[in-house]
Amino acid sequence: MVGPRPLLPAYLNRYTPTQARRHEVRPGITGLAQVRGRNSIDWETKFEYDVEYVDNRSLGLDARILFETVTTVLRRDGISAEGAVTMDEFRGEDGRSSS
């Protein structure tokens, strides 16, 4: 249930080696990036949170993320990026989007 959210397969060749580390764990429906900003944070930050999860995963962290997910959903925090329905397309090059 907890882990980096899966992204489009078309993005696979756009990851830096560090960003690709998000695939070292199974994907989930919620993760650090979702509770720390969701779609309102930039791609680079989102990948940093994904790798932070990979480096620090534990049952305690998973429990904290699940708790924070409930709070984030109820508050409707970070549903969309500014000026976008959800999030701009990931273009690669250190996580920058197509703004």
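**View 1. Arg38 in the loop between H1 and H2.** Arg38 is found in the loop that joins H1 to H2. The model shown here and in the other views is predicted. The phi of Arg38 is positive, at about 55°, although Arg38 is not a glycine. Most residues other than glycine have a negative phi. Arg38 counts as partly exposed, with a relative accessibility of 26%. The backbone oxygen of Arg38 is reached by the side chain of Lys46 at 3.3 Å.

**View 2. Lys46, buried without a salt bridge.** Lys46 belongs to helix H2, which spans residues 43–56. Lys46 is buried, yet has no salt bridge. A salt bridge needs a side-chain nitrogen of Lys or Arg within 4 Å of a carboxyl oxygen of Asp or Glu. Two contacts of the Lys46 side chain can be traced instead. One goes to the backbone oxygen of Arg38, at 3.3 Å. Another is a polar contact of 3.4 Å with the side chain of Asn39.

**View 3. The salt bridge between Asp55 and Arg21.** The closest N and O atoms of Asp55 and Arg21 are 2.6 Å apart in this salt bridge. The pair links distant parts of the chain, 34 residues apart. Asp55 sits in helix H2, and Arg21 in the segment before H1. Both partners are partly exposed: Asp55 has a relative accessible area of 48%, and Arg21 one of 25%.

**View 4. The salt bridge between Glu52 and Arg36.** Here the closest N and O atoms of Glu52 and Arg36 are 3.2 Å apart. Glu52 is partly exposed, at 31% relative accessible area. Arg36 is partly exposed as well, at 30%.

View 5. The side chains of Glu68 and Arg64 meet in a salt bridge, 3.2 Å from N to O. Both residues lie in helix H3 (residues 59–75). They are four residues apart, about one turn of the helix. Glu68 counts as partly exposed at 25% relative accessibility, and Arg64 does so at 39%. Elsewhere, salt bridges that share partners join Arg21, Glu24 and Asp55 into one network. The structure holds five salt bridges.

**View 6. A nonpolar surface patch made by Met1, Ile29 and Leu66.** This patch covers about 330 Å². Ile29, one of its members, lies in the segment before helix H1 (32–35). Ile29 is exposed, with a relative accessible area of 56%.

**View 7. The whole chain, for orientation.** The protein has three helices and zero strands. From the N terminus on, the order of elements is α-α-α. Of the 99 residues, 38% count as buried. Among contacts with a separation of 6 or more, 69% come from residues 24 or more positions apart. The accessible surface comes to about 6300 Å². Carbon and sulfur atoms account for 51% of that surface.

Key:
Residues numbered from 1 in each chain as written. Predicted model: local features only at pLDDT ≥ 70, side-chain atom pairs only at ≥ 80, totals over all residues. Heavy atoms only, no water. Patch = residues over 30% accessible without salt bridge, like charges linked within 9 Å, V, L, I, M, F, W, Y side chains within 5 Å. Areas by Shrake-Rupley, 256 points an atom, 1.4 Å probe, with all protein chains shown as cover. Helix = DSSP H or I, 4+ residues; strand = E, 2+ residues; numbered from the N terminus. Buried < 20%, exposed > 50% of the residue type's maximum accessible area, 1.4 Å probe, protein only. Lys, Arg positive; Asp, Glu negative; His and termini not counted. Polar contact = N/O pair within 3.5 Å; in protein donor to acceptor, adjacent residues only side chain to side chain. Contact = heavy atoms within 4.5 Å.
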